Amino acid sequence: MSVLGRSGNGRGCNRCSPGTGAANSPQANSLANGVESPFCCSSWRKSAHGERPKPSTHTRSMQLYYHPFSSYSQKALIAFDEYALPFEPRILDTPDGPAMQELAALWPMKRFPVLVDGDHVILEASCIVEHIGLRMPPAERLIPPDPALALEVRMLDRVFDNYVSTPQQKVVFDALRPAAERDAAGVADARRMLETAYAWLDVRMAGRTWAVGERFSLADCAAAPFLFYAHWTHPIPQAHAHLLAYRRRLLQRPSFARAVEGARPFRPYFPLGVPDED
Ligand SMILES: N[C@@H](CCC(=O)N[C@@H](CS)C(=O)NCC(=O)O)C(=O)O
């Protein structure tokens with residue numbers, strides 16, 4: 001869920017565009033060097049002299065660039081809350097404010113959340129969840145130690161990102177555009193994708209408490225905000241009782257309940273209206 005709106009210059013595609021802003025930023029090399037990172041999707045920041053980054057001490061403070069009303073930010077916030085890990089908030093409260101300028105220097109896509117952990121800049125909410133989990137004992141992580149279960153968690157995380165959040169954002173971004181620039185066919189496709197995802201997830205959630213296995217995981221961190229806003233965007237049919245019950249369970253999870261409360265003041269930004277039930 002975008003809360004700052006779009007620039008109206010056509011930006012907003014999820015595809016990376018190397019050679020634009022990234023090439024001029026001090027982080028350009030770090031993005032190129034990300035392949036050396038032991039962390040999924042993380043990008044290292046090398047010093048001007050090119051030294052290797054120091055190993056994580058697991059005690060230094062982390063800065064999180066986010067907005068409380070943003071669904072991808074909430075995905076990361078849930079994980080911080082589940083782990084009871086502190087961070088310094090860098091709230092992206094205005095489109096041109098200092099936090100947004102720092103974000104643009106860190107990540108020219110200006111998508112959030114972004115985490116700074118010492119020498120590491122971690123992009124992508126899923127990778128932030130995975131990165132901060134490294135501070136926790138393996139058995140307590142939101143990605144389980146069992147490799148097969150871990151793969152299933154990552155798979156469901158992708159399902160929620162690609163087939164719930166992506167079409168949900170398409171509908172919302174379209175509603176934020178001037179009427180003459182709207183994409184009716186694209187929105188109809190997005191709504192159909194949400195319906196297909198709802199039907200699949202309803203079958204998936206029959207007899208389950210959480211998305212994968214017996215424990216709350218990264219997949220549930222994704223499901224919580226995405227199903228929350230998806231239901232506001234394109235209501236989940238009452239016939240999908242398992243999915244609706246899962247969404248209610250997610251809302252009762254204290255980590256997500258706190259994220260929802262923190263975002264409540266921003267509800268007037270939601271362009272499609274907010275149902276009374278939440
Ligand atoms: N793939 C990114 C997506 C992040 C994303 O789309 N965040 C939204 C906020 S929920 C955003 O940055 N919107 C600003 C924009 O589109 O300009 C992730 O997983 O973190």
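Predicted model: local features only at pLDDT ≥ 70, side-chain atom pairs only at ≥ 80, totals over all residues.
The peptide bond going from F112 to P113 is cis, with omega near 15°. K110 also has its place in the loop between α4 and β4, and K110 has a positive phi of about 55° even though it isn't a glycine. Is K110 buried or exposed? It's buried, because it has 20 other C-beta atoms within 10 Å, and the cut-off for buried is 20 or more.

Compare that with A84, in the loop between α3 and β3. A84 is another non-glycine with a positive phi, near 55°. But A84 counts as exposed, because it has 8 C-beta neighbours inside 10 Å.

Okay, the overall picture. The protein chain has 278 residues, and 37% of them count as buried. Its secondary structure comes to 10 helices and five strands. For contacts between residues at least 6 apart in sequence, 69% join residues at least 24 apart.

On to the strands. β4, residues 114-117, pairs with β5 in the antiparallel sense, over four bridges.

Over in β3, residues 88-91, you'll find I91. I91 is partly exposed, with 15 other C-beta atoms within 10 Å. Setting aside neighbours within four places in sequence, I91 is in contact with Y66, H67 and A99. I91 and P68 are 23 residues apart in sequence, yet 7.8 Å apart in space, C-alpha to C-alpha.

Now helices. In general, you describe two packed helices by the angle between their axes and the distance between the axes. So what do we get for α7, residues 184-205, and α9? Their axes come within 7 Å and cross at roughly 80°. α7 and α9 are therefore roughly perpendicular to each other. On the α7 side the contact is made by Y198, L201, D202 and M205, and on the α9 side by H242, L243 and Y246. By class, that's five nonpolar, one polar and one charged.

Next, α10, residues 254-263. Which of its residues are buried? They are S255, F256, A259 and A263. These cover an arc of only 90° around the axis, so they end up on the same side of α10. They pack against α3, α8 and α9. The face turned away from the buried side carries the exposed residues P254 and E261.

Last stop: H234, in the loop between α8 and α9. H234 counts as buried, with 21 C-beta neighbours inside 10 Å. Not counting residues up to four places away in sequence, H234 touches V171, R191 and L194. And H234 and L272, 38 residues apart in sequence, are 9.7 Å apart in space, C-alpha to C-alpha.

That's my tour, thanks.

Note on methods
Residues numbered from 1 in each chain as written. Buried ≥ 20, exposed ≤ 12 C-beta atoms within 10 Å, placed from the backbone. Helix = DSSP H or I, 4+ residues; strand = E, 2+ residues; numbered from the N terminus. Arc of directions from axis to C-beta. Contact = placed C-beta atoms within 7 Å. Pairing = 2+ DSSP bridges. Axes fitted to C-alpha atoms, helices over the stretch in contact; angles between N-to-C directions. Parallel < 35°, antiparallel > 145°, perpendicular 65-115°, else oblique. Nonpolar A, V, L, I, M, F, W, Y, C, P; charged D, E, K, R; others polar.
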